[in-house]
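Hello,

Here is the structure I promised to pass on to you. Have a look at it first, and then read on for what turned up in it.

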Amino acid sequence: MRVPRYAYASQFLDLPALSAHLCDVLAAGEYILSEHVQRFEDRFAAYLGARCAVGVNSGTDALILALTALGIGRGDEVITVANTFHATVLAVLSVGATPVLVDCEPGSWLMDLDATAAACGPRTRAILAVHLFGRTLDMDRLVALADRHGVALVEDCAQAVGATWRGRKVGTFGAAGCFSFHPSKNLAAAGDAGAVVTSDLTLDRELRILRNLGQDGQNNHVHLGMNSKLDAVQAVVLDAKLNALDEWNAARRTIADLYRQALAPTGISVAPAPSPPGDHVYHLLQVTTLHRDQVLNRLRADGVDAVVRYPVPVHRQPAFAARANGRGEFPHTEFQAVHTLCLPMRPDLTDSDVGFVCTTMTSAVAASTSGIPL
Ligand SMILES: *Cc1c(COP(=O)(O)O)cnc(C)c1O
């Protein structure tokens, strides 16, 4: 038996209808910023409860464009979390600003908000809050913190599309919410894609100009923009899948509970469920284990497609080590990088898939602690 991490074919509710639609789009040549992109943007904004959504090339571009539209650049500091995917930090550096990293909290592995508050200084212009693994940060505290310091709140929702705080969707709390539709994410395009969401009409207008080569109408180049438009073909794929997103996220929560129940007697620690008003859409399910690399090798050899997110934290990456400023050290980030792994998580996992993963995990952990060579 094998349990892969992704099962793309299962994500198409009506593949023949989608194929026919895509054929029409291809034949009509409606590739760039057509009605298809507009339709997805409108439906995605409505789904989240935001006024506007701007479709872009990727989640990384969404972050770069949001920071640029907010006027963040050289000399500015942006606070974010050390255990995030490197694209978060790359975006800050791409606009010329300085990333200021803070540690995560043990257990939830989310940005430590006490450390975030302590990191706010005179040059801070934004807090880039990452709902890592699909789990929502405490938005009451973050909104209050950003207000108190007069800085922008930008949400990196790449892993948390559809997650809520007090019933309100993430991405709608700050000045801008940035989403990725990379094929690995909970709402997946058939390639790279992303979106920036805002309820600020001025920012929305700025973002539309910036993603379209800085043009305000054809041949009127008012900014040094980017070429970062969501493809119409991707918009059609995303529009079809959006209908199922809540159901898929609910299935991920159920599967996380199944994992917890099955692993509880073994003492293997699964990331705890959030308590209300928080939420988790389980883009990734973290488990903590002492001899992580041994366990990972054993899982993979036995057909379980487990993975580490992320084995080398951003401040230890060659491209970032000299460029990302930490205020303090990151012991929890270091621990998480060494001792956690992600078990397969997708909405279509069956009870028997979960059972197989848990049995394999249990014996892999037992073998590692008893010193049986792998
Ligand atoms: C995936 C991801 C991104 C980048 O998204 P891309 O679409 O791959 O560019 C940014 N931040 C986080 C936390 C991510 O997981």
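Cys157 is buried in this predicted model, with a relative accessible area of 0%. Its sulfur is 7.2 Å from the closest cysteine sulfur, that of Cys178, which is too far for a bond. Cys342 is in no disulfide either: the nearest cysteine sulfur belongs to Cys104 and is 13 Å away. Cys342 is also buried, at a relative accessible area of 1%. For the structure as a whole, the disulfide count is zero.

Salt bridges are another matter, with a count of 17. Here are three of them to look up.

- Arg208 and Glu41 form a salt bridge whose closest N and O atoms are 3.1 Å apart. Arg208 sits in helix α7 (residues 201-211) and Glu41 in helix α2, so this pair ties together parts that are 167 residues apart in sequence. Arg208 counts as partly exposed, at 23% relative accessibility, while Glu41 is buried at 2%.
- Arg125 and Asp76 meet through their side chains, at 3.2 Å from N to O. Arg125 is partly exposed at 32% relative accessibility, and Asp76 is buried at 12%.
- Asp140 and Arg166 are paired at 2.4 Å, N to O. Asp140 is in helix α6 (residues 139-149) and Arg166 in the loop between β6 (164-165) and β7 (168-169), so the bridge ties together parts 26 residues apart in sequence. Asp140 is partly exposed, at 35%, whereas Arg166 is exposed, at 56%.

There is a network as well: salt bridges with shared partners join Glu41, Asp204, Arg208 and Arg211.

Three strands make an open sheet in the order β10-β11-β13, with antiparallel pairing. Its edge strands, β10 (269-270) and β13, each pair on one side only. β10 and β11 are joined by two bridges, and Val270 has Val287 in β11 as its bridge partner.

Two of these strands also come up around helix α11 (residues 331-339): its buried residues are Thr333, Gln336, Ala337 and His339, and their cover includes β11 (285-288), α10 (292-301) and β13 (340-343).

Ile32 lies in the loop between α1 (15-28) and α2 (35-48) and is exposed, with a relative accessible area of 56%.

Notes: Residues numbered from 1 in each chain as written. Predicted model: local features only at pLDDT ≥ 70, side-chain atom pairs only at ≥ 80, totals over all residues. Heavy atoms only, no water. Disulfide = S-S within 2.5 Å. Buried < 20%, exposed > 50% of the residue type's maximum accessible area, 1.4 Å probe, protein only. Helix = DSSP H or I, 4+ residues; strand = E, 2+ residues; numbered from the N terminus. Contact = heavy atoms within 4.5 Å. Pairing = 2+ DSSP bridges. Salt bridge = Lys/Arg side-chain N within 4 Å of Asp/Glu carboxyl O.
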